[in-house]
Amino acid sequence: MVVLAASIVSKSGKVLVSRQFVDMSCIRIEGLLAAFPKLVGTRKQHTYVETENVRYVYQPMEALYLLLVTNKHSNILEDLTTLRLLSKLVPEYSYSLDEESICQHAFEFIFAFDEVISLGHKENVTVAQVKQYCEMESHEEKLHKLVMQSKINETKDVMKRKASEIDKSRIEKNRGDKGGFGPLQSIGSGRIENSFSDLSISSSGTGFGSGSGFGLSSDVDSFSTKSKGRPTSSATAPLKGLGMKLGKSQRTNQFLESLKAEGEVILEDVQPKLGLSQAAAPPPTDPITLTVEEKLNVSLKRDGGVSNFDVQGTLSLQILNEEDGHIQVQVQTGENQAIFFKTHPNMNKELFANENTLGLKDPNRPFPTGQACGSEGVGLLKWRMQSTDESMVPLTINCWPSSSGNETYVSIEYEALSMFDLRNVVISVPLPALREAPSVRQIDGEWRYDSRNSFLEWSVLLIDNSNCSGSMEFVVPQAESSAFFPISVRFMATDTFSDLKVTNVTPLKGGNPPKYSQRTQLITENYQVV
């Protein structure tokens, strides 16, 4: 009972993907697959064909054949079970069953076939297990990548601060070289000679407020002994900070440093540079970019239950080149029946209702391109979902304050849905006015105390199936339980409630399909426990 090869061939006999599980020469497998289309009859209802040496077990898939080549002693019932499993895997890796799509995902098919068949024998696996094995997702790998990205972002911030400090030092140095007053430096720093040849009007080089002011030199003989062409020592001495000084004083810097130590964010007085304002959202590099974004507005009750659960989503389109403006976007909606979609007024509503395709009412009119579509793109589709079902909430928070003596013990626990991988989770807990930071006894993640705003922030880089629940416990002086509410939550995810996906972008004027990229994110707009 050995499967010799698993292949995907066209009805004309062209081999698209083939994976051999026994030692076999290239000429032999090509000969076996080339002979297969000639053996298949058009009116036969069987799913297998036998020759003198091998048996072909096959299944038609639109314009293709999914084919197993086995020896004649193989168990055909087990081979049919293997074939059915492979037929379920093929659409998982290729949405459209055409030659181009199959060739693009050839390696994915080979890896999936290897997970189903080992040394010619079927493994006891399911479709979900094969997908999991091929994806090879690792919580440790995700966490490591997030830590590395946070270090990179932190290094970039340090570079920006250092660059701003260097710019400031250069500005202050230039001001010091110019002497602060420019042309007025000659007043009080040099020597003025008039018709009074025997008297000199000079100052000690301290400007206007040094106490000496303009003085008349009484020692006439001492000045007469010096040559008139040589400047006095007061003229050549540089100003040492006793005049007017622009910029921040040392006391101001100490005050700002103390605010930073308390957790306050201080904005540096640096001239903004072009492009830095959009650093959080990098500009698109692909000719066509489609962005799926959902915003969460959730209000949870502290004793359990949902006060408000609202999801608002948008699908926006960004096109860089004008020649790519005449297109239609094919989408695939999820199975969530609670979501209601609304198209843009300029979209063809019947086309979307019947074929899940987004296109303009006037096919001769192109989509806006370049700067005309703005930084956020053109909105094509909107949807909304409202619910009071607590099982739909991606992250629930339970807070249990309890007083004992002169102290209050606060235990906080989170529970996350398995359908989402939540990233950069921050849970902000308000605290009463404290003289010192709270005593954190136990925590799954990291914490930070903002003394100025009196907040305790609980941060978790990634929440997935490996850590779908976590807890934190801290102690503060005695306080009312209402002092720890409302609790604010921030996070983001790459999965959405609508499960909307872009499957294809079709050009209306012919030619090859344009290259496109898809961005998907779920963010919190207002997420609180009240």
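Modeller: Buried means under 20% relative accessible area, exposed means over 50%, and partly exposed lies in between. This is a predicted model. N467 has 18% relative accessibility, so this residue counts as buried. N467 sits in the loop between strand 21 (455-463) and strand 22 (469-477). Its side chain reaches the backbone oxygen of L462 at 2.8 Å. Beyond its neighbours within four places in sequence, N467 is in contact with H139, Y414, V460 and L462.

Now the charged pairs. The structure holds eight salt bridges. One of them joins K14 and E99, with the closest N and O atoms 3.6 Å apart. This pair links distant parts of the chain, 85 residues apart. K14 lies in the loop between strand 1 (3-10) and strand 2 (15-20), and E99 lies in helix 3 (residues 99-104). K14 is partly exposed at 45% relative accessibility. E99 is partly exposed at 32%.

E92 and K131 also meet through their side chains in a salt bridge, at 3.1 Å from N to O. Here too, distant parts of the chain are linked: E92 is in helix 2 (residues 76-93), K131 is in helix 5 (residues 127-135), and they are 39 residues apart. E92 has a relative accessible area of 38% and is partly exposed. K131 is partly exposed at 29%.

E141 and K145 form a salt bridge, with the closest N and O atoms 3.3 Å apart. They are four residues apart in helix 6 (residues 139-178), so about one helical turn separates them. E141 is partly exposed at 38% relative accessibility, whereas K145 is exposed at 52%.

Note on methods
Residues numbered from 1 in each chain as written. Predicted model: local features only at pLDDT ≥ 70, side-chain atom pairs only at ≥ 80, totals over all residues. Heavy atoms only, no water. Helix = DSSP H or I, 4+ residues; strand = E, 2+ residues; numbered from the N terminus. Buried < 20%, exposed > 50% of the residue type's maximum accessible area, 1.4 Å probe, protein only. Polar contact = N/O pair within 3.5 Å; in protein donor to acceptor, adjacent residues only side chain to side chain. Contact = heavy atoms within 4.5 Å. Salt bridge = Lys/Arg side-chain N within 4 Å of Asp/Glu carboxyl O.
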